[in-house]
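This report describes selected residues and their surroundings. The sequence and structure are shown first.

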Amino acid sequence: MKIGIDGRGLEGKKSGIGIYIEEVIKQINNIEDQENQYIIYSPRKVEINAKLKKHIIIKDGNKRLRKLLAIPKTSKNP
């Protein structure tokens, strides 16, 4: 199974959710998982302070992905 992870919190200087996401990814990295593939998506370049195993893939810096992950603007009128 392919499992997607929102990696936007890993962009730039990490705090709060970014630190949490990185720690979750490190724990996933520690398990031997032959059945699943974990894909970290981010519109901008991300860095993870760990050597990732082959079942974890980073897809970042893609302009199309930036558009897909953009938070839609909300109108002021309901």
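In this predicted model, H55 touches I28, N29, I31, D33, N36, Q37 and Y38, leaving out residues up to four places away in sequence. H55 itself belongs to the loop that runs between β2 (37–42) and β3 (56–60). The relative accessible area of H55 is 9%, and because buried means under 20%, H55 is classed as buried.

Helix α1 spans residues 17–30 and includes V24; K26 also lies in helix α1. V24 has a relative accessibility of 32%, and the value for K26 is 22%. Partly exposed covers the range between the buried limit of 20% and the exposed limit of 50%, so V24 is counted as partly exposed, and K26 is likewise counted as partly exposed.

| Residue | Relative accessible area | Class |
|---|---|---|
| H55 | 9% | buried |
| V24 | 32% | partly exposed |
| K26 | 22% | partly exposed |

V24 also contributes to a surface feature: together with I17 and Y20, V24 forms a nonpolar patch. The accessible area of this patch is about 300 Å² for the residues together.

Which residues is K26 in contact with, leaving aside its neighbours within four places in sequence? K26 is in contact with N49 and A50.

Terms used: Residues are numbered from 1 along each chain as its sequence is written. This is a predicted model: local features need pLDDT of at least 70, side-chain atom pairs count only at pLDDT 80 or more; totals for chains, interfaces and linings use all residues. Side-chain values use heavy atoms; hydrogens and water are left out. Helices (H or I, at least four residues) and strands (E, at least two) are DSSP runs, numbered from the N terminus. Buried means under 20% relative accessible area, exposed over 50%, partly exposed in between (1.4 Å probe, protein chains only). Contact means heavy atoms within 4.5 Å. Patches are made of residues with over 30% relative accessible area and no salt bridge: like charges are joined within 9 Å, nonpolar side chains (Val, Leu, Ile, Met, Phe, Trp, Tyr) within 5 Å. Accessible areas come from the Shrake-Rupley method with a 1.4 Å probe; for residues, only the protein chains shown count as cover. A salt bridge is a side-chain nitrogen of Lys or Arg within 4 Å of a carboxyl oxygen of Asp or Glu.
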